[in-house]
Each structure stands twice: as structure tokens, then as C-alpha cells.
Amino acid sequence: FRYHVRSLHLPGRRGLTMALQATTRCNGFWYEEQITEELHLRMVFKKVLFDSESEFQRVQIIDTVPFGKTLVLDDHTQSSSLDEHIYHESLVHPAMMAHGAPKTVFIGGGGEGATAREVLRWQSVEKVVMVDLDEVACKMCQEHLPEWNTGVYEDSRFEIHYKDAYAFLKDYNGPKFDVVIMDISDPIECGPGIALYFKEFYKEVLLPKMSDHSVFVTQSGACGVLNKDEVFTTIHNTLKNSFSSVHGYAVDIPSFGCPWGFNMCYNNCAFPDAPDWDPKDTESRLTAAVGAPTAAQFSCYDGVGHRNLFALPKWVRKGCEEETRVMCKATPVFLS
């Protein structure tokens, strides 16, 4: 799971903004998240569909007018019916394309099951290993968000472990992975995912588990003009100090309130020029990889979309070029 770090303002009920705004024209409650200290995302709230506590976090499913059913963990939006496909297709398919024909795939986090859903679309995939810390949250998503994980748990190629991803990979001695996908929490102080962003993890734990032509991709936090420097540029620079090739990219996620960043990395992959492919070339490769009927089902990702993902604005590229911070045990960088 990802934790998109924004504060919620909750008069009366912990974890949910449900204060009636008498001065507004809307007859209902409002749900609000902080994007930056000076910018908030506010939407009409309809109802709570699920609300419970796991060992690690509060788990909620709410319904809002603009985004529909929305998964919220510890008061932070994870994904919504309207745009979850944008996030998950963008996270998964560029790395899969850069490899070409991955057989073994590791997913860190990904509790909704939607990341695995996208991976399993690939005909070459023989094994998907997903590791998420929170069994309660994963099973809640399986039961209450079946549209996020359609067919995943029934697929014989899929296996899940409810463990810490760092510890799992450190002890893992099975077949090496062709693609590694980190759909994990942001680097929050005392959060469960902070060590998965350290240079030591990439060099000492992850790389030995990756195959010769493996590709790595990680969600990398907000990538808007106001918040790209929170963690995106630091994660990018840390990866540049860990892999020979790093490609940052981003896509707009409306329910997150800003563009969201990712970083794709490799040392020696089959198609290092994948970010620069002509859209028609990408389309033909995608169709061959997943089949024409499946390719037609994608809501966001296609040849044009693939190329646009990597067309980062000048101010993002400049921020990455100027970034000097490297995340490691001695110098962690946290979202405030």
C-alpha cells in the first residue's frame, strides 16, 4: 500500500472530514486532504462503506461524488474508482515493456491487488510474488474492492505473503525476478516502507535478487510543481547512485490532487530505449505481449500514453539535475 501523506481535518470523527459546511451551497458533507500546507483538495462526501482497524493502520472505504469508491488508509487516499487504473497501468506496464517478456515478477506492497491485476495481463508471466505487510487490509480489499483485483486471487500464477518486503527479499533464495515493482508507502518517519528507499536496500538486498536483464520500478511520491522536491527528486537521485540507468516519469492522478511520480531503473535490460519508442512501435509490442483484446481494455496506457509519461516538464528535470540528497540509513529523507 502507499500512504499519500496529507493531513485530514476531522471535526468530531477521527480519520474522516464530515463537518457540514453551512456556508456552502452543497447539501452534504465535505472530505478534505492536504496536498501542501497551502493547498487542500476538497470534495463532496457521500458515505462510509467500510471502517476498521488492522494491526498496522486504520482501513476505510468511503464514497465521494467526484471519485466514487475510495480506499483510505490512516486518513490518506490510496486509490479511487475513477482513476486507480491510471496509477496502476502507469506503474506496471513501462517496466514490463522495457524487459520485453518477463516471467517472474515481484510486487512489494500493492495490497489492493490492482498492481498484480496489471502484471497478470502479460502472457509471458509465469509467477507473481506479492508481499504486503497488512493481511487484514489485503483481505478487506479482496472482499470489498473486487473490481480492483478481478481474477488475481484465482490465478495460479499468483502467490501472496503477508510479511515485511525488506525482510522477505533479504531472506529470499528462489528464482531471480525479471521485474520488481514497489507499490509501497511513501518514506514516512517510523513508517513501514522507509528502508525500501535506502541506497543500501537497492545495492545490497534488491540487486542480488534481480535477473541479468531485470527492470525495477517504484512509486516515487508527488511530482507536482509545488511538491516535487518533497521526495521525488531525492528518490530519483538515490536510484541514480544505485543503477546505471534511471528514467523518471509522472502522470496526473486527480484523486491525489497532483501529478504522481515513478522511477524506472535497470543496469542491462533488453530494451533500454523503451522510453523513447515511437507510439506505433509501443502499440505493436504491447499487443504482442498481452493480446489485442487485453490491450483494448486498457483505460490509460497505450503507445501515445507511454511516450507522454516520460516527457517530464523542464522544472521536474531541472529539479532532478540539481538534487544532491541520497537516501541511506545515515541520511534518510522523510515526508513532513
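Seven strands form an open sheet with mixed pairing, in the order β8-β7-β6-β9-β10-β12-β11. Strands and helices here are DSSP runs, numbered from the N terminus: a strand is E over at least two residues, a helix H or I over at least four. Two strands pair if DSSP finds at least two bridges between them. The strands β8 (158-161) and β11 (245-253) form the edges, each pairing on one side only. On average, neighbouring strands of this sheet are turned by 15 degrees against each other, direction ignored. Axes for such angles are lines fitted to C-alpha atoms, for helices over the stretch in contact, and the angles run from 0 to 180 degrees between N-to-C directions.

This is a predicted model, in which local features need pLDDT of at least 70 and side-chain atom pairs count only at pLDDT 80 or more, while totals for chains, interfaces and linings use all residues. Residues are numbered from 1 along each chain as its sequence is written, and side-chain values use heavy atoms, with hydrogens and water left out.

Strands of a sheet pair through backbone hydrogen bonds, either parallel or antiparallel. Both senses can be followed here. Strand β6 (residues 104-109) runs parallel to β7 and is joined to it by five bridges; Thr104 has Lys127 in β7 as its bridge partner. Five bridges also pair β9 with β10 in the parallel sense, and Val179 stands opposite Val215 in β10. By contrast, β10 (residues 210-222) and β12 (residues 258-266) run antiparallel, joined by six bridges. Gln219 stands opposite Phe262 in β12, and Ala222 has Trp260 in β12 as its bridge partner.

How much of β10 is buried? Of its 13 residues, 11 are buried, where buried means under 20% relative accessible area, exposed over 50%, and partly exposed in between (1.4 Å probe, protein chains only). Strand β7 (residues 127-131) is also mostly covered, with four of its five residues buried.

Now turn to the helices. Helix α6 (residues 232-240) lies across β10, β11 and β12, at about 5 degrees to β12. In helix α5 (residues 199-206), the buried residues are Glu200, Phe201, Tyr202, Val205 and Leu206. These pack against α4 (165-171), β9 (177-183), β10 and α6, contact meaning heavy atoms within 4.5 Å.

The loop between β10 and α6 contains Leu226. Is Leu226 buried or exposed? Leu226 is exposed, because its relative accessible area is 62%.
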